Amino acid sequence: MVEKARAPAWYWIVAVLAVIWNGFGCFDYVMTVTRNAGYLSAFPREYVAYLDTLPLWLVGFWALGVGGGLAGALLLLRRARLAAAAFGVSLLGLAVTSVYQWSDIEAPALGSADVAISVAIWLIALALLLFALRMLRAGVLR
């Protein structure tokens, strides 16, 4: 039986914050794809109209992005080695949806706040993947 390394307190803080962050991503996805009127009322009309034009395959990659992130975060709480793979799936979904959004000439223009949020999402997604890989190498994940 392989003994796993003890998880330091900061590990659990990162894991819980990852669940909260990725949980919000899943909440946003569900509220958007179910066309929750109250939730979507905070967005500009042209953005909501644009959402109706997204191809189904892209919505699937969006689901991989947010679902993979939440799965990775929950797997961190279980200290499961598959957390790194789940964060990899999340990055795949993020990459496909980002490239589509950035290259789609029909997409509404992004404001500076939108760009900042996109950068934050990328940085956190990459950081969580690197964190999981580091914890895997350190023996914290089993």
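**Exercise 1.** Decide whether tryptophan 12 is buried, partly exposed or exposed in this predicted model.

*Solution.* Step 1: the relative accessibility of tryptophan 12 is 32%. Step 2: buried means under 20% relative accessible area, exposed over 50%, and partly exposed in between (1.4 Å probe, protein chains only). Step 3: tryptophan 12 is therefore partly exposed. Step 4: tryptophan 12 sits in helix α1, where a helix is a DSSP run of H or I with at least four residues, numbered from the N terminus.

Residues are numbered from 1 along each chain as its sequence is written. In this predicted model, local features need pLDDT of at least 70, side-chain atom pairs count only at pLDDT 80 or more, totals for chains, interfaces and linings use all residues, and side-chain values use heavy atoms, without hydrogens and water.

**Exercise 2.** Find which element gives the most to the lining of the largest pocket.

*Solution.* Step 1: a pocket is an open set of points on a 1 Å grid over the protein atoms alone, where a 1.4 Å probe fits, with protein on both sides within 12 Å along at least five of seven lines; lining residues have an atom within 4 Å of a point. Step 2: the largest pocket holds about 1,200 Å³ of space. Its lining has 42 residues, and Asp28, Tyr47, Trp62, Gln101 and Ile121 are the closest to its centre. Step 3: at least two lining residues come from each of α1, α3 (45-51), α4, α5 (82-103) and α6 (112-137). Step 4: α5 gives the most, with ten residues.

Conventions: Points joined across faces, edges and corners; volume = space filled by probe spheres on them.
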